Amino acid sequence: MRLSVNIKDINAAVTTVTRALPSKPQIGILEGICLRAKGSELILLCSDLTIEIETRIAATIDEEGETVVQGKLFAEIVRKMPEGEIDMQTNGEAMLITSGKARASLQTLHGDVFPSMARESGCDTLRVPQRALKDMVMKIAFSAALESPRAVLTGINVMAIDNKLILAALDGYRLAVRRERIEAINKIFSCTVPCRSFLEIVKLLDDCDDDIELMIGDTHMTVELKDTVITVRLIDGNFLDYKKMIPTQSETTVCINTRNFYMACERAALLANTASGVAHIVKFEFFFDKVLMNAVTELGQADEDIDVVLSGKELTIYFNVRYLLDVLKNIEDEEFCFDITGNRSACLMRPVEGDKYNYVVVPLNR
């Protein structure tokens, strides 16, 4: 394999594909970037067997071929090469990389043994504005479990129904649901995408209203972005019936200014976070016109009250304030409603009007 390519182009391509480079690869070859020179293009490919990213860039190909180079090292080498053209040539089990007077040699592996995800035929196609999808994923991802024996809890459920796209994530302690009206949806379907993979996809999206196509099959989802194709292995198994977890009645409803409540929780968290072994506990006393917040640790105490409008019963309740902050960071409305049914039942944070989002948090048992 022998080729030359623009250094800026290959740096951008390497940055894109290495999003799929695993930190702890299941097999050694997955530490690498697969390079394929064909026609007038250089194809770069990375995979961790749950997500695969492939991108293409223009290149001058003198000799076609494919090889695998150590991913992190190759990325550092090309990043630090002089500007201009970079030449790459394989010779046996090594690749010579040259740019100007700079040269480096890397050991290689055979590219024909690099694992590749099969793309399914007969997929359902979902067209979603890029900005809307990016916003939805970023505002619920915090609620997915980082690790869990139940794999579905590490994913984001995607459901299309009644011209609505609904994304949901939960980790056993909290639930996040986002809804967006999408006129192009005319078929009911559901799948669960690994949260990490979904985040990598939306990081590559443009901040625009142009549509993106999600091609969803039985086992994989594929996304095509200009010169990049992302394939994700879907999580097997049924997602939890989270609709049953969303409270439909409440004894207390509180309307709160989002920013005021967020900043008050931030201040309370400064004290709540200092006690080792304490789950960031903050006490909330809800009255008809205000909420009193209190955090006490061995290092000090924080107290604050903010104005609210309460209907129903006054009550005292305890929360892990970090869970509240995770939600409040993702509420864009000036005000929101807090539906509470007793001090030990799941609580709902929702819009004052509509159902664009639902966040369910569980209070602490005190």
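Predicted model: local features only at pLDDT ≥ 70, side-chain atom pairs only at ≥ 80, totals over all residues.
**Entry 1: the tally.** I started with the total, and the structure holds 26 salt bridges. Side chains of opposite charge can pair when their charged atoms come close. I then looked up a few pairs one by one.

**Entry 2: Glu63 and Arg2.** I found a salt bridge here, with the closest N and O atoms 3.4 Å apart. Glu63 sits in strand S5 (residues 60–63) and Arg2 in strand S1 (residues 2–6), so this pair links distant parts of the chain, 61 residues apart.

**Entry 3: Glu200 and Arg19.** These side chains meet in a salt bridge, 3.4 Å from N to O. Glu200 belongs to helix H4 (residues 195–203), while Arg19 is in the loop between helix H1 (7–17) and strand S2 (32–38), so the pair ties together parts 181 residues apart in sequence. Is Glu200 buried or exposed? I have Glu200 down as buried, because its relative accessibility is 11% and the cut-off for buried is under 20%. Arg19 is partly exposed, with 26% relative accessible area.

**Entry 4: Asp241 and Lys244.** I noted another salt bridge here, its closest N and O atoms being 3.9 Å apart. Asp241 is partly exposed, at a relative accessible area of 37%. Lys244 counts as exposed, because its value is 72% and exposed means over 50%.

How values were computed: Residues numbered from 1 in each chain as written. Heavy atoms only, no water. Salt bridge = Lys/Arg side-chain N within 4 Å of Asp/Glu carboxyl O. Helix = DSSP H or I, 4+ residues; strand = E, 2+ residues; numbered from the N terminus. Buried < 20%, exposed > 50% of the residue type's maximum accessible area, 1.4 Å probe, protein only.
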